[in-house]
Each structure stands twice: as C-alpha cells, then as structure tokens.
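Hi,

Here is the structure I promised to pass on. Have a look through it first, and my notes follow below.

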Amino acid sequence: MEFSSEANQRIARLAAHLQPQMEESSILRRADCRAKGGSPGFKVAILGAAGGIGQPLAMLMKMNPLVSVLHLYDVVNSPGVTADLSHMDTGAVVRGFLGQPQLESALTGMDLVIIPAGVPRKPGMTRDDLFNINAGIVKTLCEGVAKCCPNAIVNLISNPVNSTVPIAAEVFKKAGTYDPKRLLGVTTLDVVRANTFVAEVLGLDPREVNVPVVGGHSGVTILPLLSQVKPPSSFTPEETEYLTNRIQNGGTEVVEAKAGAGSATLSMAYAAVKFADACLRGLRGDAGVVECAFVASEVTELPFFATKVRLGRTGAEEVYQLGPLNEYERVGLEKAKEELAGSIQKGIAFIKK
C-alpha cells in the first residue's frame, strides 16, 4: 500500500515529536517550523532527567520563566519524558538526549547543569553503599561538562554529595577547567526540611522561616544552626535535640515511609529547583541572592563545607563564615567535621587511585 507524500510528512511530523533527539532524520525538520522557540533566558541541562528526582525536577524547570532551553539527558527513557514535557505551554524549549553518545550534544552551550543522576537509596542502604555506583556516574558526566561547557555552573545532587562534589572537583582539576565558584553541592533539601520542621514547632508559616544548615549533606554532617533562625526564636534543649535529629534523619524518614518504593524524590526536586532558580537569578545579576550550598571553602580546615553563599554571575561569589554558634552547635560542628573529613577524602581518593 503506497503512502501519499502528505501522509509521509504527517508521520514524519509525529515521529519528530515523539523522538526529539532524532530530529535530524525527520522529513520536516524542526528548524523549518515557525516556532523557533526560546524566550530570552538561560540554557539548562538535567543529567539523569528520567529518574525519580529528574522527572519532577524537569517539569518544574520547564515551568521556570528564566529557562529558555531545557536539555534532558539520561541513559534510559529520556525521549518519553521529553515528548511529555514538550507539550507544556511554557516558554522553555525541551530537547531530549539518550545515552552516552549524546552526552556531549546535551551539554554544549549550557549555562547551568543540574546532576541528579545515579541510583537512589533503598531501605537499609547507607549513603556509602551508594558510593561506588554513583561515583563512577558522576565522574563520567563531569568529564562531559569539562569538555563541552567548562564555564557552566554545576549543581550536583547525586549522593553522597559529601563525596561526589570532591570527585567532580578532581575531574575538573584534571581537565584544567576547575573553578571552585562554579561547583555547588545542593544541600537545599536540608534547609527546606529545617524550615518546615522548625515552623511546625513554632506554629509559623514555613515560608516565613529561614534556618541556616551547615556542614555536609548526610546524617551528623547536617548541622542546623537553630540559634540563628529567622525570625529570632529560642528552643528548649528537648526541642533542639528533636529538631536536629529530625532534620539530620529526614531522608531516612522518607526512605522508611516509602518502604522500598524509593527515597525523597519530590521534595528533593522542589529543593533542587529552589536552588537552581537562585543560581539563575545570580547569573542574571540579581543582588543579594544567598543560599546554603556545599562548596570549596576556607571556613573550616576542611577543603569543602556547606555554609551560606552569595550567588552571582560567576557562581558562588562569596562564601560566608559560620557566625556565632552556641555550645550544642559547637559540639555538633566537631562531630560533623570528623565524619565529613572521611567522606571528602574518599571522593578525592576515588579519582586519584
């Protein structure tokens, strides 16, 4: 049965939408369409866009008015996620990239690269169990960043962040592209949880609460500075203990509640977008954009540490000191540093071995 040329074109048009990353082979190239797309804005890539964090993260970034181009990369299922999100009537143009051979195309020309790729934590798994799998994934992806968009700001979500940020730093150093201001470990979920749990205890709207969370991004390395909460508040020793423990174990709370069906993906995607949006506002030149992040730091004797940073056109333009700590926080800081030192070393050793 012969198809008319009109039918062929219609099929080609459908195929182009269903497999955006194959667009070159279609009869009707997207370049020939009138909708060239792209409001003025930034080019953002998500590496690991088809995963549990990646999908809601991609959807929220598609809704962000600061994004003009959104590249979705994964080793599986990215064409489907791309087709799905491409139907949303928001400004960002979405393109999908599938598998290692398309990594470089996904990264070329990007302003911001968000990396949630890797395997999630399952019940009974420690963040260290994740290490060997995710360390290799982060290494490969960061080699792509170094080659294709060395000036992009990198938001690293893949756990364990305490080790994957040092891995990324070593990869960039090897490639000769390392700029410590542009590599940011995303700890925003700790802040989001702290704001929520503190607001519950104080009977406030969480949007009015700001809790600095410093240190790292797992267990005892997560140190909420409750003495510096805004609005200024005081807590009993019992409240301090309860809040600190709940903030430190928020991830485990979700892993156990999901009972084998995953880890914190939706709240993580929300937190990642909150942080990515702050990075984009910094890139745009907005003043006074301050968030907590795990960065190269001289605040302590450790090479990396999470504190408040001021985000600007070149990434983390200023890393803030810890400020005054109470006795409980000083003890917590020593515990955090001890654990963090090992995690950082583990990441560096992974690349240097």
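Before the rest, some ground rules. This is a predicted model, where local features need pLDDT of at least 70, side-chain atom pairs count only at pLDDT 80 or more, and totals for chains, interfaces and linings use all residues. Residues are numbered from 1 along each chain as its sequence is written, and side-chain values use heavy atoms, with hydrogens and water left out.

Back to helix 7, residues 188–202. (Helices are DSSP runs of H or I with at least four residues, strands are runs of E with at least two, and both are numbered from the N terminus.) From first C-alpha to last, the 15 residues of helix 7 reach 21 Å, close to the 21 Å expected at 1.5 Å a residue; the expected span is 1.5 Å times one less than the number of residues. Of those 15 residues, 11 are buried, so helix 7 is largely enclosed by the rest of the structure. Buried here means under 20% relative accessible area, exposed means over 50%, and partly exposed is in between (1.4 Å probe, protein chains only). Among the buried ones are Asp-190, Arg-193 and Phe-197. Their cover includes strand 7, strand 8, helix 8, helix 9, helix 10 and strand 9, where contact means heavy atoms within 4.5 Å.

Next, strand 4 (residues 112–115). Leu-112 and Ile-114 point one way, Val-113 and Ile-115 the other, and all are buried. In a regular strand the side chains alternate between the two faces of the sheet. Strand 4 runs parallel to strand 1, joined by 3 bridges, and Ala-45 stands opposite Val-113. Strand 4 also runs parallel to strand 5, this time with 4 bridges, and there Ile-114 has Asn-155 as its bridge partner. (Two strands pair if DSSP finds at least two bridges between them.)

Now for the inside. The largest nonpolar core has 48 residues, and Val-113 and Ile-115 are among those with the most contacts inside it, as are Ile-167 and Phe-294. Such a core is a set of buried Ala, Val, Leu, Ile, Met, Phe, Trp, Tyr and Cys residues joined through side-chain atoms within 4.5 Å. Helix 5 gives the largest share of this core, 8 residues. Domain 1 (37–186) and domain 2 (187–352) both contribute, so the core lies between them; the domain bounds come from an automatic or database assignment. Not counting residues up to four places away in sequence, Ile-167 touches several residues, including Phe-131, Val-138 and Phe-350. Apart from this core lies another, of 43 residues, among them Phe-42, Met-61, Leu-72 and Cys-279.

A few single residues to look at:

- His-217 carries the feature "active site" in an unreviewed UniProt entry; UniProt positions are in the numbering used here, feature names are shortened, and annotations may be inferred rather than shown by experiment. His-217 is in the loop between strand 7 and strand 8 and is buried, with a relative accessible area of 5%.
- Thr-307, in strand 10, is buried at 1% relative accessible area. Leaving aside neighbours within four places in sequence, its contacts include Val-214, Cys-292 and Tyr-320.
- Asp-84, in helix 3, is exposed, with a relative accessible area of 57%.

Cheers
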